[in-house]
Structure formats: C-alpha cells, structure tokens
Amino acid sequence: MSALPPIDLVETADPIATPRRVALVRPDRRPSVRTTDEKYVMTFPNLIVREVILFQVVVIGLAVAAILFDAPLEGIANPLETPNPAKAPWYFLGLQELLHYFPPVVAGVLMPLLVVVALVVIPYARINQTAGPLWAGAGPRRALTLAAAGGAVIALFGVFKCWPIVVPTAGTLVAMFAARGGENGGAFRRALAKGTLPEWIMVWFAVVATILTIIGTFFRGPGWSFVWPWAQTVAF
Amino acid sequence: MTTLSLDSVFRRLRATDAYRSIVRHGASATNRNRSLIVFENLFLHVHPVKVREKTLRFTHTYWLGGIALACALILTATGVLLMFYYHPSVPQAYRDMRELEFVVDNGLFLRNMHRWAAHLMVFASFLHMMRVFFHRAYRPPRQFNWVVGVVLLLVTLLLSYTGYLLPWDQLAFWGVSVGTNMAKEAPLIGEKARFLLLGGNIVSENALLRFYVLHCVVLPVALLLLLSVHIWRVRKDGGVQGPPEKPSSREEVR
C-alpha cells in the first residue's frame, strides 16, 4: 500500500549531482495526482488547544486523586517478617495468580514471554492484515476447527484446574458461536458478527488478563486463599 | 498625552528587536502565522501545520496515548522534586518517606501525585494498545511503531516496578521480592539476571541503589528516546490512525 522506493537502487553516489530520471508516459495514462476533499483544519489552535486541555484535565484529575487518596506506606522493610500474602504490584498480580496453578517457570517466565512475543508479531502476521469477519463465507469446517481449538484450550487449562482461564475461554467461545449468522440479528449480534478472529483472540486475552488481575488483587488472602475484597486491605 | 493600555504595551513589546529575535512570527490570526507557530517551534514542530479534522474527534483515539504522555510529563516533574528529598540508602529511604509525610511542605501530595500518575500511565498505556489493535492502526506502514509501542509498555512497567521498591516499606520490599523470585525461574540466565538486578542474592540496600539508578536515570532516558521515535514515526506515517477507513468515495484522481 505504501509507495516506498526500491531500497537497493543507487541513482548516483555524487552528492552534488542532480538526480535525473527518465519517465516514459504512455499516451493512454497520464501522471495523476490524488486529491481529496477531506476537511483539514489548522493545527494551531485546533489541535494544540485540545492537547493543552487534555494535559490540564489529567493534571486536575490526578491532583484531586492525590488530595483524596494517600499513597500507601507500611512499616519499614523487614526481611525477617514476611507478610501473608506477599503481593507484587497490581499489574503483576495476574501473573502471580497464575503461579497458583502452574509451576513458576511456566507462570513467571514462559507465559509472559509468549504474551510479549505474540504482541510483537501482531503487525507481521498476515491474518491480522487480511482477516474478515469470523463467520463470513464460512462452512461447517470453520465451526468444527474453532470448537476443537477452543476445547483444546479449555482442556489444557482444565487439567491445571485454572478456572479463571477456563471460564472466560468458554464464555468467549459461546460468544463466538452466538455471532454466527448474527448479520441478520439484532444490533448487538450484528456488532458481534463483525469481529475477526484476531479481534476475538485479543478480546479473550484482555478478559482473561483482567479477570486474573482482579482475582489476584481483590480476592486473595493468606496463603493465596480465596477471600472477599471487604475482608482485607488492598494497597496499591 | 497617549493613553496607556495593556494592548498598546503588548504591541510595543512585540515590536522590540529582542522580542522579534525570540518569536519570529507575527501576532495576527492569519493562517501563515498559525503555520509558523507550529513549525518554528522545536516542541510543536512534530505536528504538521494542518491536520485532518476527523482526527480531532474523541472516538478517533480516545486521547489515550496523550493521557499516557501527560502522565509521563507529570511523573518527570514530580519525580525530580521527590529526588530532592530522597536518599537511596537503608534505612534513610524509609525515613525520607516519613519526612515527606510530616515535614516537607506538600510532600505527601507530591508523593501521592507521583504514585497515582504512575498507575494511570500503566493503565492508559494498556488501553492505548487495545485501542490501536481494535482500530487496526498497526497495519502498514505502522508495523514497526507497534513494536516500539510494545517495548514502551515494557519500559513503563519496569519504571513503575523499580519505583515500587524505593519507599523501602514492607509493601515495597515484599512486592519486589515476589517479582524478582519469579525472574529467578528463567532457565540458564534467571539466577544471574536476578543477581545482576539486585546486586546480591536478596533484596538489600544494593538492590535499592540499583533500582534507584534504573528508575531515575536509565529507564527515563530509555523512555525518552523510545517515545521520541514513537511520536516521530506517528507523524512520518501520516498522523494518528483512527478506525479503519474505506477509501473516500469523494477521493478522486485528477
């Protein structure tokens, strides 16, 4: 889609020389200029003012939060006195929750590594460039493949009794199948039917990550046992 | 006798050689001056002088990258101020937290602001990534900028994580102990990487010093460099990319 010049074409090595190009224009095709009547506005003040307002809103919002809520500060660090539970910062509590189900090398190394690799390759995987709606033009084979793949993921995490992944995976799978033939349904099903396979996978990932983080943050107490959020203090 | 109004004072000020040497564009609201304001300013010239109107809509980007950037600026400002009151040593680091709370003017406010901005930056960065994904804004020519963005998210997490240890309270100590114990599990390099990070086998004052240097120098510099590349590439690739667009029906070839 982009019109990048060929990378191994050297026109001249002389910095002073004026590059010359010879173009052959066929009579039936003339050099054309793409134009658009899309509306443009001046960056100043339209964009700059919005940026300043955004910054001010963030500053004011954080200042209000800073006045209302104090950052936690517990007693001085004591290596001899282990709190129970000892929790990492909230954005790592999803991983710490996984430690409950998997060996440390899987939960602490393999899974985060897989997530980072999966994120990095997104723009280079063809499916992310070309994918259409999941069920568009799909035969019964796609439903079968999806059910098998989803069932395999559920079985894999089920073996480890990792319900915080099993349940949202099953939920996502149900939603995927609810989207089948949704083009003729109500507004919600029509929206679902537009989802591509990569989008469904990202939704699944985001839901799983959110659920794991919420459980790790609010529902885990001494010995990583299940507790209610109101039965403990949560520090950020 | 001439009347002295604010307007006339400003007009005279603007006519001075000194002012003209600093601000080169005129004051009148012409499109030429509006353009000059943007491209003659080091900090604004990453913008084009004109933008597509639809990119200003809220739902185009939800301003999430902007929120993360605003947090980064706030964190730099509050972080530098906090550095004036902080010693990365045991047990002075913890005493400094108490001093911020009880002795330093607005010390607690400063620390609160820094902490909440840090959490918001992590959260906004994650949402920004989701927004870019669902708008398919990673498509050519923006593939590599997505990768830069993923690295930026990791740097943001590391910044937040290294800062988490600095108060040297129980929360900080055990939070970092739990996390670095996970790193230990990596095959081959785990133990060595952990030793390198902590400057020892347990979280100690060596670890505090290393985390301090990482938090205040190494990672902010990395963030600044990567952020510059990230934003510069957004500009080079034609500005912020919102929801996927069909080629406009009104677009024509002349």
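How does strand β2 (residues 40–42) of chain A pair with β1(B), and over how many bridges? In the antiparallel sense, over three bridges. The legends below start from that pairing.

A few notes first: this is a predicted model, in which local features need pLDDT of at least 70, side-chain atom pairs count only at pLDDT 80 or more, and totals for chains, interfaces and linings use all residues. Residues are numbered from 1 along each chain as its sequence is written, while chains are lettered from A and ligands numbered from 1 in the order in which they are written.

**View 1. Strand pairing between the chains.**
Here β2 of chain A pairs with β1(B); two strands count as paired if DSSP finds at least two bridges between them. Look for A:M42, which stands opposite B:K50 in β1(B). Helices (H or I, at least four residues) and strands (E, at least two) are DSSP runs, numbered from the N terminus. By that count chain A has eight helices and two strands, in the order β-β-α-α-α-α-α-α-α-α.

**View 2. Helix α1 of chain A and what covers it.**
Helix α1 of chain A runs over residues 43–68. The buried residues in α1(A) are A:T43, A:F44, A:L47, A:V58, A:L62 and A:A66. Buried means 20 or more other C-beta atoms within 10 Å of a residue's own, exposed means 12 or fewer, and partly exposed lies in between, with C-beta atoms placed from the backbone. Their cover includes β2 of chain A, together with α3, β1, α5 and α7 of chain B.

**View 3. The face of chain B that touches chain A.**
In this view, 72 residues of chain B are in contact with 66 residues of chain A, a contact being C-beta atoms, placed from the backbone, within 7 Å. α7(B) gives the most to this side of chain B, with 14 residues. By class, the side has 46 nonpolar, 12 polar and 14 charged residues. Ala, Val, Leu, Ile, Met, Phe, Trp, Tyr, Cys and Pro count as nonpolar, Asp, Glu, Lys and Arg as charged, and the others, Gly among them, as polar.

**View 4. The largest nonpolar core.**
A nonpolar core is a set of buried Ala, Val, Leu, Ile, Met, Phe, Trp, Tyr and Cys residues joined through C-beta atoms within 7 Å. The largest has 66 residues, of which B:C71, B:A117, B:M121 and B:A172 touch the most other members. Domain 1 (40–71) and domain 2 (90–231) of chain A both give residues to this core, so the core lies between them; the domain bounds come from an automatic or database domain assignment. Leaving aside neighbours within four places in sequence, B:C71 is in contact with A:V58, B:A117, B:L120, B:M121 and B:A124. Apart from this core lies another, of 10 residues, among them A:M202, B:M129, B:F133 and B:Y138.

**View 5. An exposed loop residue in chain B.**
B:E245 is found in the loop between α11 (205–236) and β2 of chain B. This residue counts as exposed because it has 10 C-beta neighbours inside 10 Å. B:H135 is 110 residues away along the chain, yet the C-alpha atoms of B:E245 and B:H135 are separated by 9.6 Å.

Definitions and conventions. Contact = placed C-beta atoms within 7 Å. Expected span 1.5 Å × (residues − 1).
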